[in-house]
Amino acid sequence: MIKTDSLTFEIDGRPTTILAGEVHYFRLPPTRWQSVLTELKAAGMNTVSTYIPWLVHEEEEGVFDFTGQSDERNNLKHFIELVH
């Protein structure tokens, strides 16, 4: 369970500091994703932040690709699975 107030986060009853690293998955080849995430964890990060560029996922209006069919770097589904 996660609780928060204006100053702190509490996760499963423990005060927790959120330390985040930003990864722009769409700028990296998918073969690098796991190593970059491992490096973040080794650096003490416990959270991954990313930007989702909707334009690359919706090249045609109303048609979305989150599985990397048009470009493997846009496989947001796989990236989120790795982060999990």
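A contact, in what follows, means heavy atoms within 4.5 Å. On that definition, 56% of the protein's contacts with a separation of 6 or more are between residues 24 or more positions apart.

Let me state the conventions. This is a predicted model, in which local features need pLDDT of at least 70 and side-chain atom pairs count only at pLDDT 80 or more, while totals for chains, interfaces and linings use all residues. Residues are numbered from 1 along each chain as its sequence is written, and side-chain values use heavy atoms, with hydrogens and water left out.

I turn to the fold. Helices (H or I, at least four residues) and strands (E, at least two) are DSSP runs, numbered from the N terminus. There are three helices and five strands, in the order β-β-β-β-α-β-α-α along the sequence. The protein is more spread out than a compact globule, because its radius of gyration, 16 Å, is well over the 12 Å that the globule rule gives for 84 residues. That radius is taken over C-alpha atoms, and the rule is 2.2 Å times the number of residues to the power 0.38. Along the principal axes, the C-alpha atoms fill a box of roughly 45 × 30 × 15 Å.

As for burial, 20% of the 84 residues count as buried, that is, under 20% relative accessible area, with exposed meaning over 50% and partly exposed in between (1.4 Å probe, protein chains only).

Finally, one residue deserves mention. D12 lies in the loop between β2 (9-11) and β3 (14-16). Its relative accessibility is 57%, so D12 counts as exposed. D12 is not a glycine, yet has a positive phi of about 50°. Most residues other than glycine have a negative phi.
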